[in-house]
Amino acid sequence: MAQPDAAPGDVTPLGVWPGTAYPLGATYDGAGTNFSVFSEVADAVELCLIARDGTETRVDLEEVDTYVWHAYLPTIGPGQRYGFRVHGPYDPDRGLRCDPSKLLLDPYGKAFDGEFTDDPSLYTHGLDSLGHTMIGVVINPFFDWGSDRPPNRPYHETVLYEAHVKGMTMTHPDIPEELRGTYAGIAHPAIVGHLKGLGITAIELMPVHQFLHDRVLLDQGLRNYWGYNSFGYLAPHNEYAASPRGGAAVTEFKAMVRALHAEGIEVILDVVYNHTGEGNHLGPTLAFRGIDNAAYYRLADDDPSHYMDYTGTGNSLNVRHPHTLQLIMDSLRYWILDMHVDGFRFDLAATLARELHDVDRLSTFFDLVQQDPVVSQVKLIAEPWDVGEGGYQVGNFPGLWTEWNGKYRDTVRDYWRGEPATLGEFASRLTGSSDLYEDTGRRPSASINFITAHDGFTLRDLVSYNEKHNEANGEDNRDGESWNRSWNCGVEGPSDDPDILALRAKQSRNLLATLVLSLGTPMLSHGDEIGRTQGGNNNVYCQDAPLAWMDWSLMQTNADLLDFTRNVIALRTAHPIFRRRRFLKGGPIRSKEHARDIAWLTPAGEEMTPADWDSGFGKSLTVYLNGDGIPEPGPRGEHITDDSFLLCFNAHDNALDFALPGTDYGPEWSVALDCSMPDGRSDAFHPAASTVTLAARCLLVLRCAA
């Protein structure tokens, strides 16, 4: 048996057993390895065993069951490097691209070695790509998980934190240099402690499937930093491992999950099943294209030499084909069962719903997820759009799914920058977006509320720039979204004006507090809690550099913002009234059937009228949340009561007087959060029916002191 990192020995016919068609990929069982690959178009398939010195030993896969080619090699174990060569028709005009000169990666590969050299052999028919492509590695699947168990935190108790493995760990002074930029870096107590201190319950990692750096970026001295260019759907990206050789990335990833779980933090993966890194018809032949092009990709109906592109990246996976669907489902189950992750965020998820051309929320993929006993039980988050026609599908995903709520982002940004709009939509977003989710039987937690994410401005840049500044990306500032719903508070970019800086800080607090205290599932973008900036660049997908990494020195520079973020998350965590499982009902203030759960008041303290809601210039209101009006029971069936709260919103550019309601609502109110204060804290009390002057552009949260 070959030991890890050892060169394979000669393979004789007596050393090749028939093996099995399933599981697909390379599966070590403790004695040998079963190899299995699907190709309906192949005439023959060779398994290629690659030694460290580049020596290649080829094994004919003579067993074929329903287009799955397989063999078992009893002498092969962890550390063995391998690939496939597929013999078959090469006729691009008919969508056929078999080329045995290409060493092809295993679609089910669990680890990869080496790197791509961008050699012409990757693009040119007939040129051998061995030595210029990555190589699959047989892994040891056995790992000591100890007492690891999934936190299984319900959505209404979840606070998400979107992060980048490298970007979050590259500059942290407490992480050893050799662990920066790695899974081990995320698992380091410095990072885990930061997440715990914030009150984060789930980290959503940007793509960690093995991905490819785009040729056009490498030519400019740039890299695919974000990683939305996957080709290895069962393999953790090897550049994020402290030891990138062999299967070390798998072990390190598992250790990261185990460490986060030990602190009650779930791990969500951002996954890219809508396209692969092979790109369009001019892209490299790495795996899928050479194994079975027409099975894995959506080819253009009128020209099979080209690809349907609903993603803006050159190709789209063919989710109409059963083996492509199987790959996606097998990948999801692998990450849950073997790697212990707790859920997935699906990039451009609308693409997965395209059976033909239109987006169909009842497509085969969603049917498979619904009935799968493993995948259906983890967190499933959709980015509910793609770039194709009819691709914006916020609110239209099936019942199991939660969604990044782009309408929440846009509405809250517009409200706080003072755009004329009706207060009605703001109220809907604040209370869980029932207009989007209630009709499908979903609850407020179906709305993944966010103000910022990896794609777009950071929070600090959102209040510092009116325009994008993406010149560093090499596209003359043409890339990235031009309509950001941002406001620079009077000066574009950096400023030393204390009034501008104070306003930007307050706007940041307003946005964070609104996000965390809204019904739904809040998601923060990494570094927003310490004022991370990208210098106005809203598309750092290619910036693997300090511009995109977290600057941890900001923990001291912006300590007040960090304290504020901790305080507002702690407020949400301590009070179930901000974590309601069901949509609010409203109703009469003293209904005999149930205590009223919410009331909407004008700054004058009067209940909102239809005219107030429809006012295009209205920018202020008070929201009353009744702690005695929570009808849904707790996890053990217990009745839940909480303090009552008043949320006073003033998005006007002038201070306003807010009349507090009378004693029917509560006798006295203490300040739970004041966004005019750097850390949000205040010891002030206000009696019922009194008047509170609220600063311009400010959110004030009052708690009933009774």
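Trainee: At what angle do helix 9 and helix 10 pack?

Mentor: This is a predicted model, where local features need pLDDT of at least 70, side-chain atom pairs count only at pLDDT 80 or more, and totals for chains, interfaces and linings use all residues. Residues are numbered from 1 along each chain as its sequence is written, and side-chain values use heavy atoms, without hydrogens and water. The axes of helix 9 and helix 10 (residues 423-430) lie 9 Å apart, and the packing angle is about 125°.

Trainee: Which word describes how helix 9 and helix 10 lie to each other?

Mentor: Angles under 35 degrees count as roughly parallel, over 145 as roughly antiparallel, 65 to 115 as roughly perpendicular and the rest as oblique. Helix 9 and helix 10 are therefore oblique.

Trainee: Which residues of helix 10 make the contact with helix 9?

Mentor: Contact means heavy atoms within 4.5 Å. Helix 9 brings K407, Y408, T411, V412 and Y415. Their partners in helix 10 are L423, E425, F426 and R429.

Trainee: Which residues of helix 13 does helix 9 meet?

Mentor: From helix 9 come Y408, V412 and W416. In helix 13 they meet Q507, N510, L511, T514 and L515.

Trainee: How many residues of that contact of helix 9 with helix 13 are charged?

Mentor: Asp, Glu, Lys and Arg count as charged, Ala, Val, Leu, Ile, Met, Phe, Trp, Tyr, Cys and Pro as nonpolar, and the others, Gly among them, as polar. The contact has five nonpolar and three polar residues, and the number charged is none.

How values were computed: Helix = DSSP H or I, 4+ residues; strand = E, 2+ residues; numbered from the N terminus. Axes fitted to C-alpha atoms, helices over the stretch in contact; angles between N-to-C directions.
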